[in-house]
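Colleague: I have not looked at this one before. Can we go through it together?
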Amino acid sequence: MAQDTRGAAPSVIEVNDVSMVFNMASEQLNSLKEYFIALAKHQLFFKEFRALDHISFSVRKGEVLGLVGTNGSGKSTMLKIIAGVLEPSEGSCTVRGNIAPLIELGAGFDVELTARENIYLNGALLGYSKHFMDEHLDDIIEFAELRDFMDVPLKNYSSGMVARIAFAIATVVEPDVLIVDETLSVGDVFFQEKCERRIQSFIDSGNVTVLFVSHSLEQVERLCTRAVWIEHGVQRMVGPVKDVCRAYRQQFD
Ligand SMILES: Nc1ncnc2c1ncn2[C@@H]1O[C@H](COP(=O)(O)OP(=O)(O)OP(=O)(O)O)[C@@H](O)[C@H]1O
Ligand SMILES: [Mg+2]
């Protein structure tokens, strides 16, 4: 592990010169049939879209890093690369420890299954054993406050109810790295405050490294110590959260 000689905490996340290029079909194809015809005629062209362009930053153990940027700037793409969901086109990303990602609402869930079944499914995806999930099921249900809805299929859940289950599972034990991408914004104010208290208890323990995305700059400033501002895939600034949020706000002045 890279240990800083000045005795500072070791870095847990290192993002080294990461770029992400998506291929987008340059014309609208309305069916799979049209797609195969275009493919056979060698008429399938792609435009390259650079969602992230040479991003580099590192996060030390126990740090709470905010990511800010306008819609479509590349924040979720960055978090997916850190979580290992996406492979960067260029550059590399290393993470030390286990990650609890809360990135896309409902990812890792099957809407046809009941909430109870989904808790086990999602737990398995996070690497927890059946035995572990049996032991923690009550804590999860209790935190989500959805005891009466455990045998209802997830398709009948509201988005806030799904967020409750997702947050409760991801934070049932202290992860090394917690990634929260706007998941909380669909929860009601009471649940948001409850989640924030749990995040704060992780932060206070000093063992959990947190990556936090929210369009509420007030919340980012309250929870985070440092921030990265990514705009249209370009890294505009990294530094103390107040400075980054001020610069981000000023772009619209
Ligand atoms: N799988 C994909 N294929 C093609 N383009 C994609 C894909 N995923 C993301 N993009 C594009 O990459 C850009 C960045 O998207 P991303 O979801 O990372 O933005 P964001 O900063 O999280 O935005 P928001 O604040 O709205 O959540 C967008 O233009 C989006 O359309
Ligand atoms: Mg996003």
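Modeller: This is a predicted model. A place to begin is E145, which has a relative accessible area of 48%.

Colleague: Where is E145 found?

Modeller: E145 is in the loop between α4 and α5, where α5 covers residues 159-170.

Colleague: What about the phi of E145?

Modeller: The phi of E145 is positive, about 55°, although E145 is not a glycine. Most residues other than glycine have a negative phi.

Colleague: Which strand holds D17?

Modeller: D17 is in strand β1, residues 11-25. Its phi is near 55°, which is a positive value in a residue other than glycine.

Colleague: And why does D17 count as partly exposed?

Modeller: D17 has 38% relative accessibility, so it lies between the 20% and 50% limits and counts as partly exposed.

Colleague: Back to the helices. Which helix does D138 lie in?

Modeller: D138 is part of helix α4, residues 130-144. With a relative accessible area of 44%, D138 is partly exposed.

Colleague: How many Å apart are D138 and S159 in space?

Modeller: From C-alpha to C-alpha, D138 and S159 are 21 Å apart, and in sequence they are 21 residues apart.

Colleague: New topic, the ligand. How many residues surround ligand 1?

Modeller: There are 13 residues around ligand 1, and the closest are G72, K75, S76, T77 and H215.

Colleague: What is that shell made of, by class?

Modeller: The shell around ligand 1 has eight polar, three nonpolar and two charged residues.

Colleague: Which element gives the largest share of the shell?

Modeller: The largest share comes from α2, with three residues. Both β2 (46-60) and α2 (75-83) supply at least two residues of the shell around ligand 1.

Colleague: What lies 2.9 Å from an oxygen atom of ligand 1?

Modeller: That is a polar side-chain atom of H215. On the backbone side, an N or O atom of G72 lies 2.8 Å from an oxygen atom of ligand 1. A polar backbone atom of S73 is 3.1 Å from an oxygen atom of ligand 1.

Colleague: And how much of ligand 1 does the protein cover?

Modeller: On its own, ligand 1 has 640 Å² of accessible area, and the protein covers 64% of that.

Colleague: Which pocket is the space taken by ligand 1?

Modeller: That space is the second largest pocket.

How values were computed. Residues are numbered from 1 along each chain as its sequence is written. Chains are lettered from A and ligands numbered from 1 in the order in which they are written. This is a predicted model: local features need pLDDT of at least 70, side-chain atom pairs count only at pLDDT 80 or more; totals for chains, interfaces and linings use all residues. Side-chain values use heavy atoms; hydrogens and water are left out. A residue is near a molecule or strand if one of its heavy atoms lies within 4 Å of it. A polar contact is a pair of N or O atoms within 3.5 Å; within protein, one must be able to donate a hydrogen and the other to accept it, and residues adjacent in sequence count only if both atoms are side-chain atoms. Accessible areas come from the Shrake-Rupley method with a 1.4 Å probe; for residues, only the protein chains shown count as cover. On a 1 Å grid over the protein atoms alone, a cavity is a set of points where a 1.4 Å probe fits but cannot get out, and a pocket is an open set with protein on both sides within 12 Å along at least five of seven lines; lining residues have an atom within 4 Å of a point. A molecule sits in a cavity or pocket if more than half of its atoms lie within 2 Å of its grid points. Helices (H or I, at least four residues) and strands (E, at least two) are DSSP runs, numbered from the N terminus. Ala, Val, Leu, Ile, Met, Phe, Trp, Tyr, Cys and Pro count as nonpolar, Asp, Glu, Lys and Arg as charged, and the others, Gly among them, as polar. Buried means under 20% relative accessible area, exposed over 50%, partly exposed in between (1.4 Å probe, protein chains only).
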